Amino acid sequence: MKIVALIGSPRVEGNCDILVNKLVEKLDGEKECFFLNKLDINPCNACQACQKGDCVKHDDVNDIVAKIEDADLLVFSSPIYFGQISAQAKTIIDRFYMVAQNPERSLEGTKVIQIYTQANPGDSFDPYIESMKMMPFGYLGMEVTKTIIARGAGPKGEGIEEALKEIEELEI
Ligand SMILES: Cc1cc2nc3c(=O)[nH]c(=O)nc-3n(C[C@H](O)[C@H](O)[C@H](O)COP(=O)(O)O)c2cc1C
(Lines give C-alpha, C1' and ligand atoms only; values in the text may rest on other atoms or scores of the structure.)
Protein backbone atom coordinates (compact mmCIF):
# COMPACT_ATOMS: atom_id res chain seq x y z
CA MET A 1 0.00 0.00 0.00
CA LYS A 2 1.29 3.46 -0.91
CA ILE A 3 0.49 6.13 1.66
CA VAL A 4 0.91 9.89 1.45
CA ALA A 5 0.32 11.93 4.60
CA LEU A 6 -0.13 15.69 4.72
CA ILE A 7 0.32 17.66 7.92
CA GLY A 8 -1.65 20.85 7.46
CA SER A 9 -0.69 22.53 10.73
CA PRO A 10 2.28 24.89 10.96
CA ARG A 11 3.00 23.68 14.51
CA VAL A 12 5.92 21.28 14.67
CA GLU A 13 5.06 18.57 17.20
CA GLY A 14 1.57 19.99 17.37
CA ASN A 15 -1.61 17.97 17.51
CA CYS A 16 -1.91 17.16 13.78
CA ASP A 17 1.78 16.27 13.71
CA ILE A 18 1.42 13.88 16.66
CA LEU A 19 -1.78 12.25 15.40
CA VAL A 20 -0.63 11.84 11.81
CA ASN A 21 2.68 10.33 12.90
CA LYS A 22 0.86 7.94 15.21
CA LEU A 23 -1.35 6.80 12.35
CA VAL A 24 1.46 6.57 9.80
CA GLU A 25 3.54 4.51 12.26
CA LYS A 26 0.68 2.04 12.51
CA LEU A 27 0.17 1.66 8.77
CA ASP A 28 2.08 -0.85 6.70
CA GLY A 29 3.37 0.16 3.31
CA GLU A 30 5.39 2.70 1.43
CA LYS A 31 4.89 5.92 3.39
CA GLU A 32 5.68 9.56 2.75
CA CYS A 33 4.76 12.34 5.11
CA PHE A 34 4.80 16.03 4.15
CA PHE A 35 4.79 18.91 6.60
CA LEU A 36 3.12 21.49 4.35
CA ASN A 37 4.33 24.58 6.19
CA LYS A 38 7.97 23.66 5.53
CA LEU A 39 7.44 23.34 1.80
CA ASP A 40 7.17 25.70 -1.13
CA ILE A 41 3.41 25.68 -1.64
CA ASN A 42 1.66 28.37 -3.64
CA PRO A 43 -1.95 29.05 -4.55
CA CYS A 44 -3.61 28.07 -7.83
CA ASN A 45 -3.32 30.76 -10.53
CA ALA A 46 -6.61 29.75 -12.19
CA CYS A 47 -4.80 30.00 -15.53
CA GLN A 48 -6.42 26.73 -16.73
CA ALA A 49 -3.12 25.59 -18.24
CA CYS A 50 -3.69 22.25 -16.45
CA GLN A 51 -6.58 21.54 -18.82
CA LYS A 52 -4.02 20.96 -21.55
CA GLY A 53 -0.91 19.95 -19.68
CA ASP A 54 1.13 20.42 -16.57
CA CYS A 55 0.58 23.03 -13.88
CA VAL A 56 2.61 26.12 -14.69
CA LYS A 57 3.74 26.49 -11.09
CA HIS A 58 7.02 24.85 -10.25
CA ASP A 59 6.94 24.45 -6.50
CA ASP A 60 6.73 21.41 -4.21
CA VAL A 61 3.03 20.81 -4.91
CA ASN A 62 3.38 19.20 -8.35
CA ASP A 63 5.44 16.37 -6.95
CA ILE A 64 3.17 15.86 -3.92
CA VAL A 65 0.01 15.78 -6.05
CA ALA A 66 1.63 13.25 -8.41
CA LYS A 67 2.51 11.10 -5.39
CA ILE A 68 -1.09 11.29 -4.14
CA GLU A 69 -2.31 10.21 -7.60
CA ASP A 70 -0.07 7.18 -7.32
CA ALA A 71 -1.04 6.43 -3.70
CA ASP A 72 -3.70 4.10 -2.32
CA LEU A 73 -4.29 6.18 0.79
CA LEU A 74 -4.09 9.88 1.59
CA VAL A 75 -3.87 10.88 5.24
CA PHE A 76 -5.09 14.48 5.28
CA SER A 77 -4.85 16.59 8.42
CA SER A 78 -5.56 20.15 9.43
CA PRO A 79 -6.23 22.20 12.51
CA ILE A 80 -9.51 24.09 12.49
CA TYR A 81 -8.81 27.78 12.03
CA PHE A 82 -11.81 30.09 12.26
CA GLY A 83 -14.06 27.14 11.59
CA GLN A 84 -12.20 25.93 8.51
CA ILE A 85 -9.04 24.12 7.44
CA SER A 86 -5.71 25.93 7.60
CA ALA A 87 -4.42 28.04 4.73
CA GLN A 88 -1.68 25.49 4.12
CA ALA A 89 -4.19 22.65 3.75
CA LYS A 90 -6.56 24.71 1.60
CA THR A 91 -3.77 25.85 -0.69
CA ILE A 92 -2.81 22.32 -1.60
CA ILE A 93 -6.45 21.35 -2.08
CA ASP A 94 -6.94 24.17 -4.57
CA ARG A 95 -3.94 22.84 -6.47
CA PHE A 96 -5.78 19.49 -6.88
CA TYR A 97 -7.37 21.49 -9.71
CA MET A 98 -4.43 20.33 -11.84
CA VAL A 99 -5.94 16.85 -11.60
CA ALA A 100 -9.61 17.82 -11.64
CA GLN A 101 -9.19 19.82 -14.85
CA ASN A 102 -6.93 17.43 -16.71
CA PRO A 103 -8.78 14.49 -18.31
CA GLU A 104 -5.57 12.46 -18.34
CA ARG A 105 -5.17 12.63 -14.58
CA SER A 106 -7.25 11.18 -11.77
CA LEU A 107 -7.48 10.75 -8.02
CA GLU A 108 -10.43 8.40 -8.46
CA GLY A 109 -10.55 5.58 -5.92
CA THR A 110 -7.90 6.93 -3.57
CA LYS A 111 -8.94 6.35 0.03
CA VAL A 112 -8.70 9.20 2.54
CA ILE A 113 -8.34 9.24 6.30
CA GLN A 114 -8.97 12.73 7.64
CA ILE A 115 -7.67 14.10 10.94
CA TYR A 116 -8.83 17.44 12.33
CA THR A 117 -7.83 19.18 15.55
CA GLN A 118 -9.79 21.91 17.26
CA ALA A 119 -9.76 23.73 20.59
CA ASN A 120 -13.54 23.73 20.76
CA PRO A 121 -14.76 20.70 22.74
CA GLY A 122 -18.13 20.68 20.98
CA ASP A 123 -19.46 19.54 17.62
CA SER A 124 -20.20 22.87 15.97
CA PHE A 125 -17.62 22.29 13.20
CA ASP A 126 -18.90 18.80 12.43
CA PRO A 127 -21.12 19.87 9.48
CA TYR A 128 -18.13 21.61 7.87
CA ILE A 129 -15.89 18.60 8.49
CA GLU A 130 -18.60 16.30 7.15
CA SER A 131 -18.81 18.43 4.00
CA MET A 132 -15.15 17.68 3.24
CA LYS A 133 -16.23 14.14 2.30
CA MET A 134 -18.21 15.57 -0.58
CA MET A 135 -16.06 18.58 -1.47
CA PRO A 136 -13.22 18.26 -2.23
CA PHE A 137 -12.75 14.53 -1.71
CA GLY A 138 -15.95 13.06 -3.16
CA TYR A 139 -15.87 15.47 -6.07
CA LEU A 140 -12.39 14.19 -6.92
CA GLY A 141 -13.59 10.58 -6.74
CA MET A 142 -11.74 9.98 -3.48
CA GLU A 143 -13.35 8.02 -0.67
CA VAL A 144 -13.14 9.18 2.93
CA THR A 145 -13.02 5.99 4.97
CA LYS A 146 -12.41 7.51 8.38
CA THR A 147 -12.57 10.92 10.04
CA ILE A 148 -10.86 11.56 13.35
CA ILE A 149 -11.57 14.78 15.20
CA ALA A 150 -9.54 15.84 18.26
CA ARG A 151 -11.94 18.10 20.13
CA GLY A 152 -10.83 20.31 23.00
CA ALA A 153 -7.24 20.16 21.72
CA GLY A 154 -5.40 23.38 22.49
CA PRO A 155 -1.72 23.38 23.46
CA LYS A 156 0.55 20.86 21.76
CA GLY A 157 -0.24 17.31 22.86
CA GLU A 158 -3.15 18.30 25.09
CA GLY A 159 -6.69 17.11 24.53
CA ILE A 160 -5.80 14.50 21.92
CA GLU A 161 -6.04 11.39 24.11
CA GLU A 162 -9.32 10.18 22.63
CA ALA A 163 -8.12 10.73 19.08
CA LEU A 164 -4.92 8.80 19.84
CA LYS A 165 -6.99 5.96 21.23
CA GLU A 166 -9.18 5.99 18.13
CA ILE A 167 -6.07 5.68 15.98
CA GLU A 168 -4.71 2.85 18.14
CA GLU A 169 -8.00 0.97 17.78
CA LEU A 170 -8.41 1.68 14.07
CA GLU A 171 -8.64 -1.41 11.89
CA ILE A 172 -7.34 -0.83 8.42
C1 LIG B 1 -5.38 31.11 13.65
C2 LIG B 1 -6.06 30.13 14.54
C3 LIG B 1 -7.42 29.97 14.46
C4 LIG B 1 -8.08 29.04 15.24
N5 LIG B 1 -9.42 28.90 15.11
C6 LIG B 1 -10.06 27.94 15.82
C7 LIG B 1 -11.45 27.74 15.68
O8 LIG B 1 -12.14 28.40 14.90
N9 LIG B 1 -12.05 26.79 16.44
C10 LIG B 1 -11.35 26.01 17.32
O11 LIG B 1 -11.93 25.14 17.97
N12 LIG B 1 -10.00 26.16 17.46
C13 LIG B 1 -9.34 27.10 16.73
N14 LIG B 1 -7.99 27.25 16.85
C15 LIG B 1 -7.23 26.31 17.74
C16 LIG B 1 -6.64 25.12 16.98
O17 LIG B 1 -7.54 24.56 16.07
C18 LIG B 1 -6.21 24.04 17.98
O19 LIG B 1 -5.30 24.55 18.91
C20 LIG B 1 -5.64 22.82 17.31
O21 LIG B 1 -5.54 21.76 18.25
C22 LIG B 1 -4.26 23.09 16.74
O23 LIG B 1 -3.76 21.94 16.14
P24 LIG B 1 -2.20 21.80 15.81
O25 LIG B 1 -1.51 21.60 17.14
O26 LIG B 1 -2.11 20.62 14.94
O27 LIG B 1 -1.79 23.07 15.16
C28 LIG B 1 -7.32 28.21 16.12
C29 LIG B 1 -5.94 28.39 16.21
C30 LIG B 1 -5.31 29.32 15.42
C31 LIG B 1 -3.80 29.48 15.52
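This is a predicted model: local features need pLDDT of at least 70, side-chain atom pairs count only at pLDDT 80 or more; totals for chains, interfaces and linings use all residues.
Q: What is the radius of gyration of the chain, and what would a compact globule have?
A: Along its principal axes, the C-alpha trace covers about 45 × 35 × 30 Å. A compact globule with 172 residues would have a radius of gyration near 16 Å, so the chain agrees with that, at 15 Å.

Q: What percentage of the residues of the chain count as buried?
A: To count as buried, a residue needs 20 or more other C-beta atoms within 10 Å of its own. Out of the chain's 172 residues, the share that gets there is 35%.

Q: Among contacts between residues at least 6 apart in sequence, what share join residues at least 24 apart?
A: Here a contact is two C-beta atoms within 7 Å. Take the contacts whose partners sit at least 6 apart in sequence, then keep those joining residues at least 24 apart: that's 77%.

Q: Which element gives the largest share of the shell around the ligand?
A: The ligand has 17 residues around it, with Ser-9, Gly-14, Cys-16, Pro-79 and Asn-120 the closest. Two elements, α1 (15-26) and β3 (73-81), each bring at least two residues to the shell. The largest share is three residues, and it comes from β3.

How values were computed. Residues are numbered from 1 along each chain as its sequence is written. A residue is near a molecule or strand if its C-beta atom, placed from the backbone, lies within 6 Å of it. Helices (H or I, at least four residues) and strands (E, at least two) are DSSP runs, numbered from the N terminus. The radius of gyration is taken over C-alpha atoms; the globule rule is 2.2 Å times the number of residues to the power 0.38. A residue is buried if 20 or more other C-beta atoms lie within 10 Å of its own, exposed if 12 or fewer, and partly exposed in between; C-beta atoms are placed from the backbone.
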